[in-house]
Amino acid sequence: MIELDDERKKLLQTDDHILVLGGPGSGKTTIALCKAKHDIEKLKPFQKILFLSFARATVVRVYKQSQGILNTTDLKNIEISTYHAFEWKLLKSNAMLISKHPLSILPPHEAAVLFRGLSEDDLKQATSKEFVNSEKLHFDLFASETARLLSQSDSVLKLISDLYPIIILDEFQDTNQDEWDMICSLGQYSTLVALADPEQRIYDFRGASPARVGEYIKLFSPSSFDFGKNNKRSSGTDIVEFGNDLLTGANIGKEYHDVSICLYDEGYHNKSGLIKLKSGLLSIIRKLNNSSSNWSVAILTASNSLMIDVSDFLYNSQRFSNEHVLPSITHNVFIDMTGPTLSAIAIASVLELGSQCKCSVSNIVNLLEKHISGKNSGKISNADNIMCDALLSYLKTGKTRGKNRENLISLCERLADAANKIVYTGNIIDDWKAVRELFNDPNKYLSMLYRDSFHVRLLRKGSALYSTLSDLWRTNLNYFGAQIATENAFTQEYFSMDIQDSNGVNVMTIHKSKGKEFDVVIIYEEKYKGRILTNPEEIDKARLNLRVAVTRAKKKTFVLTPCSKPCELL
Ligand SMILES: Nc1ncnc2c1ncn2[C@@H]1O[C@H](COP(=O)(O)OP(=O)(O)OP(=O)(O)O)[C@@H](O)[C@H]1O
């Protein structure tokens, strides 16, 4: 039941631009949805209220949260979207105003391959250059191109504002300069409702600025509402108090009821932290299962690689010498999807070529190079960079040097040969698995691709990709066209809202947890991996990150940190 105090009631009656400030779980998103419901009656039949958020997962949570506030008819009048999806829709429908040709997307997995190893600054230049040369638009350019479109064409701007007279901006503190430029235009004719917590700003690395809220106040003179330290998410707990204390260091030496700091002893077992984490998780699951069938737990780490270690450890079961067993735990893992996407494209390509007996060593080397280059969004190790260069040089010259590389090339030869010999049956799942199994090899690069392919969820029976592959087989009795179909399916997927539910156990990075909520949160770090504070000069940033992580919990937060090097912020 939503409680509306006087301040919230006043907000509903306000027709100016609005700024809603408030700490984690203070009810910013909720009041924005109530405001949307309140204002629906003012809309003309063709108008909608636009609710913009950053991540698809947040959009899904907002959508779910809205179901307690908005009924089905209300929801037809509200468009809940990511910034990217909204910008792309605008750009696509007005492409002629910014380009001589129809626009197409440069999807993140393709961009990662093209721009492997580039620094953030160089990346920006490279994406702009790519747009000029190929008319393919990288996601990072959506906001700047939309801002350009809206600043150049007042009629488009008026049309958009006519369609969306009220625009709600979720997590406004994390908007970058390009998004801000776009908002400045939109705010000329639409009424803006900005939701912000300056102390949840964790996207400085993509251009979020501490000045943003001040800029908004200066330009739009909004009516401001401050929910301060209201705690609607975890009321009755001291989780938000801990989060706020973190910002000043007041948490140190203080006891909290609902935030537990658990020190683990690494002992002689290099997996001691993971064992403690998994044992603790099992007992939390037991307790939650006793009280409800609908619960959620998140395990949050500060780095991608620790997140993958955690996920692997949960996925596998462990048997100890005293016969004690830690069973496999089913969970959702929110990994960077470039590696899995490129692995699926590689499998589809081998399926296409192999089913026509046309697969060659060059095809496999090419696919492998793309996977190595693009995994982890193109942020790869020096050794992998060198391997990519060697594979590209092989593709040009047909030659390579060094035992490891020669070994890899002969594995690729064997793989191509085996792909041509598979007896394809037209059973999509069986044929896909047969090709995937070719990559199941101890070699580091083949096994990386193999492992990534298990994170692909697009090939369920009945999915669009499944039907397309079935059609291809029916038409040709081979998989001619499978690669392009898979690429298209993944590009579509970047806008899809069909994403994992956060019920059950979820493993993700702290950055991915923003805007979400779970019953219980476990934050995990190791002595040398996934440290919350990596650089003493960045202590303020680490405090903001940890505050976001801690305050995702509704009931209880645990922080697991090693005895020999406890988290410096605790
Ligand atoms: N006025 C209210 N009455 C009752 N429950 C509320 C109210 N406002 C928010 N809540 C509940 O509190 C929780 C957090 O609310 P909400 O997501 O709106 O907070 P937020 O300020 O947007 O959080 P964050 O910034 O951390 O993402 C939700 O579960 C929501 O249902």
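## Strand 2 and its partners

In this predicted model, strand 2 pairs with strand 6 (residues 166-169) in the parallel sense, and four bridges hold the pairing. To find this spot in the structure, look for isoleucine 49, which stands opposite isoleucine 166 in strand 6.

Strand 2 also pairs with strand 3 (residues 78-82): these two run parallel and are joined by five bridges. Here a handy landmark is leucine 52, which has serine 81 of strand 3 opposite it.

## A buried strand

How many of the five residues of strand 2 are buried? Five of the five, across residues 49-53, so strand 2 is largely enclosed by the rest of the structure. Buried here means under 20% relative accessible area.

In a regular strand, side chains alternate between the two faces of the sheet. You can follow this along strand 2: Ile49, Phe51 and Ser53 point one way, while Leu50 and Leu52 point the other way, and all are buried.

Six strands make up an open sheet with parallel pairing, and their order is 3-2-6-7-1-8. Strand 3 and strand 8 (223-226) stand at the edges; each has a single partner strand, so one side of each is left without a neighbour in the sheet. On average, neighbouring strands of this sheet are turned by 15 degrees against each other, direction ignored.

Further along that order, strand 6 and strand 7 run parallel and are joined by four bridges.

## The annotated domain

The UniProt record, an unreviewed entry, places the feature "domain: UvrD-like helicase ATP-binding" at residues 1-235. In the model, this span is 49% helix and 14% strand, and its end C-alpha atoms lie 14 Å apart.

## The second largest pocket

There is also open space to explore. The second largest pocket has a volume of about 1,100 Å³. Its lining is made of 43 residues, and those nearest its centre are Thr30, Arg61, Gln65, Arg233 and Glu517. Helix 2 (28-39), helix 3 (56-66) and strand 7 (191-196) are the elements that give two or more residues to this lining.

Which element gives the most to the lining of the second largest pocket? That is helix 3, with six residues. By residue class, the lining of this pocket divides into 16 charged, 15 polar and 12 nonpolar residues.

Conventions: Residues are numbered from 1 along each chain as its sequence is written. This is a predicted model: local features need pLDDT of at least 70, side-chain atom pairs count only at pLDDT 80 or more; totals for chains, interfaces and linings use all residues. Side-chain values use heavy atoms; hydrogens and water are left out. On a 1 Å grid over the protein atoms alone, a cavity is a set of points where a 1.4 Å probe fits but cannot get out, and a pocket is an open set with protein on both sides within 12 Å along at least five of seven lines; lining residues have an atom within 4 Å of a point. Grid points are joined across faces, edges and corners, and a volume is the space filled by probe spheres set on the points. Ala, Val, Leu, Ile, Met, Phe, Trp, Tyr, Cys and Pro count as nonpolar, Asp, Glu, Lys and Arg as charged, and the others, Gly among them, as polar. UniProt positions are given in the numbering used here, feature names are shortened, and annotations may be inferred rather than shown by experiment. Buried means under 20% relative accessible area, exposed over 50%, partly exposed in between (1.4 Å probe, protein chains only). Two strands pair if DSSP finds at least two bridges between them. Axes are lines fitted to C-alpha atoms, for helices over the stretch in contact, and angles run from 0 to 180 degrees between N-to-C directions.
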